[in-house]
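This report covers a chain contact, a nonpolar core and a helix packing, in that order. The sequence and the model are shown first.

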Amino acid sequence: MSPAGRRLAGGGVAVVLAWLVGYPLALTVLEALGLPRQPTLEHLAEFARRPDEWQALWRSLWISAASVLLAAALGVPLAFVFARLEFPGRRLLGGLVALPVALPPLVGVIAFLFLFGESGFLSRGVQAALGLAAPPWRLQGAGAILLVHAYSMYVYFYLFTRAALARLDASMEEAAAVLGAGRRRTLARVTLPLLWPALVGAALLTFMTSLASFSAPYIFGGGFRVMTTQIVASKLNGEIAMAQVETVTLAVLAFLGLWAMRRVDPARRVVVGGVRGVAPRRRELKGATARLAATALGWGLALALLLPHLTLLLISFVPPGTWTVETLPPVLDAGNYAALAGCRERLRPVVNSLWMAAAATLGAIALGLLAADLSLKLRGRLGAWLETLLAVPWAVPGTVFAIALASAFSVRAPLAGRFVLVGTAWILPLAYLVRSLPLTGRGALAGLRQMDPALVEAAGSLGAGRWRTLWRVRLPLLRPALLAGGALAFITALGDFVTSIVLYTYDTRPISIEILSSLRLQETGVAAVYGVLLTLIGAAAFLTRGGEEAV
Amino acid sequence: MASFLTLERLSKRFGEQRVLEQVSLEVGHGEILVLLGPSGSGKTTLLRLIAGFEEPDEGRLTVDGSDVTALPPNRRNFGMVFQHYALFPHLTVGQNVGFGLGARGVGRREAVPRIAEALALVDLAGFEARRVHQISGGQQQRVALARALAPGPRLLLLDEPLSNLDPALRERTRRQLREALERVSMTALWVTHEQEEAFAVGDRVALLHEGRLAQLGPPEELYLEPRSRFVAGFVGRAGWLAGQLAPGGELLAGDDRFVGHAVRWPAVAAEPLATGDPVDALLRPESLRLVDPDGSADSLAGEVRSRRYAGETTYYEVELAVGARLLVADAHDAARAGQRVAVALRPDGSPPRLFRREEPE
């Protein structure tokens, strides 16, 4: 392609991305200010006047900060154990420990509900064991949210720290040892400072994920509202303008987070740069007791981490109305599965989720690859723009995007690029696609950056044209990166709850919405079956492809 | 030799930096031309221009009389061996070698024997099913050659093809490559920064310096008749002796007040010079010998600073009393380090080559 043609293509892709990513957000900001027709600061003033808005904002912030601390406390030691010690089952457990990252948040939340909730498995057990009249605790409010966050977000610290430990040059620690530093001093003065950029990266990621978290506050929050649940509540109450102001506020917080993240990135390069050495060898645990302890601890931990999902599996086999006051379910059968398989109306959400997630993922892979390729070839300002547009949906909470898309695509104004998509079958796949772009786009960018340009030139020198080179050389080489990004995108779209709850219609309701309505109808068994389905599909996608890159 | 590939005044700049300036040269059919130069001399850029990966800012490229300057790489029908081989990691050895055949629409039935033939040419018969990462560096290098040759290109380009091999393997692979190219009488352009490699494989060598063609000719011409100080210094070992041009075109060097400290040697001027001009004389180690310091006329006295054993010969670094250091190739037992010696011109050695002395800046 000629440079001019490339710029033209880059411009076209940038316009499409801007229309999908930037435009809805910009419209939301404008409409929150009453622009363009009736400029007003009234909505902003109203927001500032209400104490419950400030409270939600404050709660979002402190919940996120506390989530960072808890996730770090779990994830960092785990990473050290799996990166530095050798014990039976280490490889398998190391993969299992990363699993929660691949599970849809809503599934984790209902699994927690079934395990720790008032009528949960564990609560009943404790109640029966101690002979209490009431459940020993209530899974509600900030504590419940933090528990779920810590459980699902320690994975960021775990993965980042493990990756950084793998990159760490063993000679650094050896040098410290030769210079007389003991193990603790080496850890404090050498290892942790070298890990610092990774830890900061994981902290920001956790903070932003927590800021955007919706499922846990929605299910467990009750009266404890954070920004995301506040937005959806405003929307459901018909306070559209207020929802837009709240959305803008949350988006500003998220962009501050993204900005902070960008600032950390260069530091990482400085610290890790230089000659790459070999990571320290794993320490083989000597002595039977130590090995036994490590093995037991590892397996116990894995079991604890998998317990919510095992509970989910158990509940999915409990027939409706059979489990009332007993500690263990008295009857188990596959009735819930049969009910789902035999009923078209109940299968419909599964089919909906599958096709919408698949369509969104394919679209996101194609658009992400195209944009990534052009952004690398163009470099310059246009290239940087493409890369930024690819990253934005990642930083923006799902609720924000849902409100933005709902605002942008509920009006018919073709000349302004606005169409009525809300209420049609297109809005959810489109929303999933936009939210998946950072995953597929980043995968494509990473794959393209790693690819030796000489391979493409070699294909050219051997007579292959652009399409043949794409098909025979570039795509096969990019496959792992595209599949990793695509698998994560698919899992995310399949289990999406946060955008779906704002944008779904009855005909296009996805699995997550059906889980919610099953819970409302007290059909816990059916809800569990949906949860198990999401978990299985997610785990399969993660373990076959997504995990390759992550672990 | 009739010209097969012709480069006419090729120029290329990257931003402000001029990488190639008006490079013209011709390559004959079946000839192996080596592009030699230090890093940054533009040799790789020149190769990439010829391959079509870069477009020249000026100039023209013709093959067999037809202009290919604007043709994309995949339609030039050139083969290329990349520095890091660029073997496709997701394909087997056989699929790699067959890649160019597939791109030209050659069917499977025809491709299989041609792949086998190409692999046999590089002594890798039967390697079709191996994975690229299962074979050694030297074998990968030969697969890269087989892949480039399999479609029957009209020209082969090699970009530092041996730079990733260890020295022992390098010499053997160099011989194998050269033999394979000769067997199919392939016209080839071979880029290297190593003079020894250039001399071993090239029918002719094009030495590049700062984007310009410094000299083009057979190896012995570059070595014995360098056109510039740069060529003299880059190609082979060189010693320099200050002097002046005596009548009759001879070199007068040293201090003629003392016997054994002045010489008058037959010489060749590398550029136009007038009698009495101050000159620097290029002296190759093989043109010099060590003699007895006492009573040898037409020699320069000095002291052996160091000696380095190099197989068939030994190099002596001699510090002359008149203040120059020369490298002399002689027998292993010609002198010890620290010994007083004198340096004389071998009767059968090539005469000193004279360049105008550059004024110190």
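In this predicted model, chain B brings 19 residues into contact with 15 residues of chain A. On the side of chain B that touches chain A, the elements giving two or more residues are strand 6 (78–81) and helix 2 (93–103) of chain B. That side of chain B consists of 11 nonpolar, 6 polar and 2 charged residues.

The largest nonpolar core holds 267 residues, and the members that touch the most others are Ala146(B) and Val343(B). Helix 7 (residues 141–167) of chain A supplies the largest share of this core, with 15 residues. Apart from neighbours within four places in sequence, the contacts of Ala146(B) are Val97(B), Ala118(B), Leu119(B), Leu121(B), Val122(B) and Leu124(B).

Within chain A, helix 3 (residues 51–84) packs against helix 9 (residues 183–212) at an angle of about 135 degrees, and their axes are 8 Å apart.

| Helix of chain A | Residues in the contact |
|---|---|
| Helix 3 | Ser60(A), Ile63(A), Ser64(A), Ser67(A), Val68(A), Ala71(A), Ala72(A) |
| Helix 9 | Ala203(A), Thr206(A), Phe207(A), Ser210(A), Leu211(A) |

By class, this contact between helix 3 of chain A and helix 9 of chain A has 7 nonpolar and 5 polar residues, and no charged ones.

Conventions: Residues numbered from 1 in each chain as written. Chains lettered and ligands numbered in written order. Predicted model: local features only at pLDDT ≥ 70, side-chain atom pairs only at ≥ 80, totals over all residues. Contact = placed C-beta atoms within 7 Å. Helix = DSSP H or I, 4+ residues; strand = E, 2+ residues; numbered from the N terminus. Nonpolar A, V, L, I, M, F, W, Y, C, P; charged D, E, K, R; others polar. Core = buried A, V, L, I, M, F, W, Y, C linked by C-beta atoms within 7 Å. Buried ≥ 20, exposed ≤ 12 C-beta atoms within 10 Å, placed from the backbone. Axes fitted to C-alpha atoms, helices over the stretch in contact; angles between N-to-C directions.
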